[in-house]
Amino acid sequence: PASGILASDDVILGASAGSGAVSLFTNDSRKCLGWAIGAAEAADGKLKLKRWRAGVTDDVQIQLRVMGAYGPTAPYNCPKSALILSNAITLIANQSFGGTPGGPVLGLALLASGNTNYLSKVRTYARSIAPANLALDPNSCDTWDWGYKNVFLSEYYLLTGDANVLAGIKEYTITLAQAQSLYGTFGHGGAEKHADGSFHGSISWYGPVNSAGLVANLGIVMGKKCFQASGTTLDPEIDPAIERASKFFGYFVGKGSIPYGEHEPWSGGHASNGKDQMAALMFALQGNRPVETEYFTRMSVAGYNGREYGHTGQGFSYLWGALAANIGGTNAVASHLAQVRWHLDLSRRYDGSFVYDGGEQ
């Protein structure tokens, strides 16, 4: 839409929708531009900008697509939210799933769309990462890879009942439980064994990485649901692993955000790069941890504060934030998203895709 109107080295000094001259930015320029995009899409699509170019300042206009306004319960019962989701899902459906966490996350997105036309693509991917002969070694735990894959596979199985992936889910779930430390944590890899050769030692070579470990533990919780749904006898490693993780992460209730590893509670906002949000889901899905669930869900609703900060990039806050706020109900997630909508609109491109200013993620 900006073709022929904006060029490299132009500087945007103000933005608005509606009639009248464009005033200079008086607040965070990104927020002002994001809100102006939303306002223009809700009206006639006309986004006006105050443009500086080579010493000359003037007002220019860009024609955006008219998409309507967000409803008061957005993303629920909101045609604009539904349209944004549909456009994004169409793009995702044409991508290759690739590695982790990208592949499992894109697979989860297609499942969440509710569009059965994508099930064939998702099924092919699910069966490729959960072959019947899958054999994992807890001594070679790949926490990031196994955790995200097991969350995706469990969600896929619970939705479809595809027995072809059940053996793989059992292997991921049991081996993750075996690789967990005696404190319920994971590092980039699993824990060392004790001197007697038994599982669940410490992670002395690096220490816990909670951003990876929480997803691994979430995968164990969801894997247990698959055991139960299929009528399979629960492996004896699973319940103790869930209990260890619940004690470790439950310690932070009332104290602050979950830190990087075995550190004091983090105090840099309510997002903690998605870790509070991962914890909210882990506790909520157990169904018997109301105190922990409420605490981390409330932290998640308030997670717009600090959402843009994260070690190596803030992608995990973006990925898990609204999912966890949604545990609190439709009003909670609507309140959360209302605080970050300027950023979502600013990050959405004209073709329906999103681009963020994060790092590795």
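Which residues form one aromatic cluster? They are Phe97, Tyr125, Phe152 and Tyr156. Before I go on, a word on the source: this is a predicted model, where local features need pLDDT of at least 70, side-chain atom pairs count only at pLDDT 80 or more, and totals for chains, interfaces and linings use all residues. Residues are numbered from 1 along each chain as its sequence is written, and side-chain values use heavy atoms, with hydrogens and water left out.

Let me stay with the rings. Rings of Phe, Tyr and Trp (its six-membered ring) pair if their centres lie within 6.5 Å; planes under 30 degrees apart are stacked, over 60 edge-to-face, and the rest tilted. The whole structure holds 14 aromatic pairs. One of them is phenylalanine 283 with phenylalanine 296, stacked at 5.9 Å centre to centre with 5 degrees between the planes. Phenylalanine 283 belongs to helix α9 (residues 275-286) and phenylalanine 296 to helix α10 (residues 290-301), so this pair ties together parts 13 residues apart in sequence. Helices here are DSSP runs of H or I, at least four residues, and strands are runs of E, at least two, numbered from the N terminus. Both phenylalanine 283 and phenylalanine 296 are buried, where buried means under 20% relative accessible area, exposed over 50%, and partly exposed in between, with a 1.4 Å probe and protein chains only.

Phenylalanine 354 and tyrosine 356 are also stacked, because their ring centres are 6.2 Å apart and their planes at 15 degrees. Phenylalanine 354 is partly exposed at 30% relative accessible area, and tyrosine 356 is partly exposed at 32%.

Next, charges over rings, meaning NZ of Lys or CZ of Arg within 6 Å of the ring centre and within 35 degrees of the ring normal. Lysine 121 lies over the face of phenylalanine 97, 5.0 Å from the ring centre. The charged end of arginine 341 is over the ring of tyrosine 70, at 4.3 Å from its centre.

Last, the cysteines. A disulfide is a pair of cysteine sulfur atoms within 2.5 Å, and the search finds zero. The cysteine sulfur closest to that of cysteine 141 is in cysteine 226, 18 Å away, too far for a bond. Cysteine 141 is buried, at 9% relative accessibility.
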